[in-house]
Amino acid sequence: NIRQLVLELRSEAETLTGKLKDSSTIVQQVVENVRVLDKAQANTRKALDRTVDIVGLKSCVEEVAEAMQKELWEQAASSIQRYLHVAPEDSVTEEAALQSLRKSLEELRRIVQEKCQDAAESRDQAAVV
């Protein structure tokens, strides 16, 4: 009778061990799938951030051109500063946009220097500031 109980317990223990191994395998698969999904989510987030930067960069070039045309120097400088940090990633369009911003920045610096010089020569302190 005790022998029978021991055999039943051993059988149940083996069954339980098998179920635990199966559960462990399933948990490992779930963990691996979560890792894959986390990586995909991170890549998606990075791509979305990059897209926002590109769209912003393109609109920034337009904003700078318009501000400079209207002689809104501070607005132009602010727009340039906001997007000059974007690093191009194998995109001719991005590189062209950044090059345009750099060119606008140099032109803006030249204009500010000229205006300050003119104001200083005419002793117009308000224009210098």
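R110 counts as partly exposed at 41% relative accessibility, where partly exposed lies between buried (under 20% relative accessible area) and exposed (over 50%), using a 1.4 Å probe and protein chains only. This is a predicted model, so local features need pLDDT of at least 70 and side-chain atom pairs count only at pLDDT 80 or more, while totals for chains, interfaces and linings use all residues. Residues are numbered from 1 along each chain as its sequence is written, and side-chain values use heavy atoms, with hydrogens and water left out. Here is a short tour of some charged pairs and one serine.

- The structure holds four salt bridges, each defined as a side-chain nitrogen of Lys or Arg within 4 Å of a carboxyl oxygen of Asp or Glu.
- E114 and R110 are separated by about one helical turn because they sit four residues apart in helix α3; helices (H or I, at least four residues) are DSSP runs, numbered from the N terminus.
- E114 is partly exposed, with a relative accessibility of 41%.
- Helix α3 spans residues 92-121 and also holds E106 and R109, which are three residues apart, or about one turn of the helix.
- E106 and R109 form a salt bridge too, and their closest N and O atoms are 3.0 Å apart.
- E106 is partly exposed at a relative accessible area of 46%, and R109 is likewise partly exposed at 46% relative accessibility.

- In another bridge, the side chains of E32 and R35 meet at 3.3 Å, N to O.
- Both residues belong to helix α1 (residues 2-69), and about one helical turn separates them because they are three residues apart.
- E32 is partly exposed, with a relative accessible area of 39%, whereas R35 counts as exposed at 53% relative accessibility.

**S79 in helix α2**

- S79 is found in helix α2, which covers residues 73-83.
- With a relative accessible area of 3%, S79 is buried.
- Its side chain makes a polar contact with the side chain of E63 at 3.2 Å; such a contact is a pair of N or O atoms within 3.5 Å, and within protein one must be able to donate a hydrogen and the other to accept it, with residues adjacent in sequence counting only if both atoms are side-chain atoms.
- Setting aside neighbours within four places in sequence, S79 is in contact (heavy atoms within 4.5 Å) with C60, E63 and V64.

Conventions:
Helices (H or I, at least four residues) and strands (E, at least two) are DSSP runs, numbered from the N terminus.
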